[in-house]
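Subject: Handing over the model

Hi,

Here is the structure I promised to pass on. Have a look at it first, and then read my notes below.

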Amino acid sequence: MAFSDDLFFAPAHKLAAMLRARDVSSVEMVDAFIERIESVNHGLNAVVTLVEDRAAREAEESDRRLSGKGEVRPLEGLPITIKDSIITEGVRSTWGMKHFEHHVAKQDAPTVARLRAAGAIVIGKTNTPEMTMDYDCDNPVFGQTNNPWSRERVPGGSSGGEAAALAVGMSPLGMGSDFRGSIRVPAHFCGIVGLKPTWGTIPGSGHMAPSVAAPPPIAHMATIGPMARFVDDLTLAYNVVKGPHPSTPYTVPTADAHPEKIDLKKVRCAIFTDACNVPVSSDIRAAIERAGRELQKMGIVVEAVKPPIDDGERLWWEYNGADGNQTMVAALGEALKLSRDRLRNFAVAGEGKSAAEFFKIAMERDAWRVQLAEFMERYPIILGPTFCVTAFKHGATEVDIDGKKFPHFLAGWPVAWGNCAGLPGLVVPCGKDREGLPIGLQINGRAFGEETVLAVAKAAESALGGYQRPPM
């Protein structure tokens with residue numbers, strides 16, 4: 001069959017069903033998406049590595065299985081993309097760093113291996129800011145990725161290439177990672193959906209520099225998670241990639257998420273827009289408040305209550321910076337000289353905390369997590385903003401919020417507390433600002449409460465219109 005333009009924007013689960021029904025072959029679908037990348041990527045620079053030859057071979061194998069000559073797996077023949085910082089066997093993974101410009105992993109990250117074992121076919125890797133450490137998406141290896149809604153603006157970081165690729169139909173499904181909103185902020189900036197799962201549900205190994213273990217802040221607050229255009233596709237991918245793996249000893253078994261089983265009229269949501277020391281723009285505040293009203297119309301209880309999250313932002317910074325950046329600076333060594341100024345200015349080694357001081361920060365973090373968990377006994381869902389502004393312009397280190405300037409990193413407090421707490425968080429489109437840029441509603445849930453988060457997100461997607469194509 002001819003692969004129509006509409007199919008580039010179809011849900012991943014629909015494309016998978018079409019493959020199983022033999023309405024289209026995997027070879028046709030993979031070829032079509034690679035042609036799509038070659039057609040629209042030049043103005044965005046979202047996909048930085050194509051995997052054409054291997055994808056073609058795997059598509060032929062999927063078609064053999066789909067024709068009845070082998071087991072048909074859940075994602076059989078479906079093309080996907082993967083963030084460049086998540087390692088892929090035989091395909092370069094650079095983390096946007098000159099030091100790793102030609103690095104080719106010998107094995108897949110567990111999340112990638114599970115997607116491929118389920119029949120998915122990796123067709124490309126997507127861009128990330130250098131060392132995944134910014135809300136822009138620029139690096140000295142591949143250059144900057146542009147936001148598909150406004151090319152003078154960033155797509156968000158650090159999974160910005162993935163978000164931009166999904167937004168314009170280069171891929172139906174992808175994987176990103178999130179340490180301070182790196183899945184959720186790009187979803188908000190580009191108008192797609194993204195899920196940061198609960199810490200400990202998905203193996204985090206195979207992300208970032210090739211080492212067996214990560215420093216405690218990354219190991220305890222970063223996660224890998226799915227990105228897509230539609231909430232149902234997040235559920236599909238989450239159920240494939242979750243679960244224990246020996247390379248990530250803290251991952252635990254969890255049941256498959258079935259959000260359709262949740263009775264939303266029994267779910268109580270807290271909604272807020274203001275916290276910490278940086279305000280949310282008036283356009284975003286209005287969009288979040290409207291989202292709450294629309295969910296109320298669907299019978300969901302939504303109450304304006306501020307959760308106890310202020311300490312989460314402070315503790316994220318204290319926990320992350322406890323070593324005074326010494327671990328990172330020592331690991332990079334002379335390679336840091338190859339980095340752009342933004343990273344070098346951030347990666348300055350200072351005096352770290354003592355072991356006793358670090359223990360105190362860790363204990364305070366856990367005490368705060370208990371306080372938040374107690375709040376969420378009454379409010380299992382927290383609704384709020386994702387970032388204090390919509391997509392900002394390339395090169396900015398400050399953002400303008402209703403006429404006042406603030407450091408762009410501090411504008412990320414709406415996502416930081418979720419990382420610090422290790423809770424699941426999902427972003428779904430909820431409107432646009434006065435310049436036509438997307439706004440995302442953030443939905444946070446209890447630990448291991450992905451099923452409820454996905455159910456509320458599905459309702460929000462229905463009530464608020466969900467994904468819309470950017471102007472191309």
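**What I found**

I34 is buried, at 8% relative accessible area (buried is under 20%, exposed over 50% and partly exposed in between, with a 1.4 Å probe and protein chains only). You'll find I34 in helix 3, residues 26–40 (helices are DSSP runs of H or I with at least four residues, strands are E runs of at least two, and both are numbered from the N terminus). Leaving aside neighbours within four places in sequence, I34 is in contact with L50, E52 and I123, where contact means heavy atoms within 4.5 Å. P79 is 45 residues from I34 in sequence, and the two are 9.1 Å apart in space, C-alpha to C-alpha.

Before you go on, note that this is a predicted model: local features need pLDDT of at least 70, side-chain atom pairs count only at pLDDT 80 or more, and totals for chains, interfaces and linings use all residues. Residues are numbered from 1 along each chain as its sequence is written, and side-chain values use heavy atoms, with hydrogens and water left out.

**Charged pairs**

Side chains of opposite charge can pair when their charged atoms come close. Searching the whole structure turns up 36 salt bridges, each being a side-chain nitrogen of Lys or Arg within 4 Å of a carboxyl oxygen of Asp or Glu.

One of them joins R116 and E89, with the closest N and O atoms 3.6 Å apart. That pair links distant parts of the chain, 27 residues apart: R116 is in helix 5 (residues 110–117), while E89 is in the loop between strand 2 (79–83) and helix 5. R116 is buried at 17% relative accessible area, whereas E89 is partly exposed at 37%.

Another bridge runs between D134 and R340, at 3.8 Å for the closest N and O atoms. Here 206 residues separate the partners: D134 sits in the loop between strand 3 (121–126) and helix 6 (160–167), and R340 in the loop between helix 12 (326–332) and helix 13 (341–346). Both D134 and R340 are buried. They also belong to a network of salt bridges that links E130, D134, D136, D138, R340 and R342.

**Rings**

How many aromatic pairs does the structure hold? There are 16, counting rings of Phe, Tyr and Trp (its six-membered ring) with centres within 6.5 Å; planes under 30 degrees apart are stacked, over 60 edge-to-face and the rest tilted. Y135 and F409 make a tilted pair, 5.6 Å centre to centre with 50° between the planes. They lie 274 residues apart, with Y135 in the loop between strand 3 and helix 6, and F409 in the loop between strand 11 (404–407) and helix 15 (413–421). Y135 is buried at 2% relative accessible area, but F409 counts as partly exposed at 21%.

Ring pairs join Y135, F179, F189, W316, W317, F387, F392 and F409 into a cluster.

Cheers
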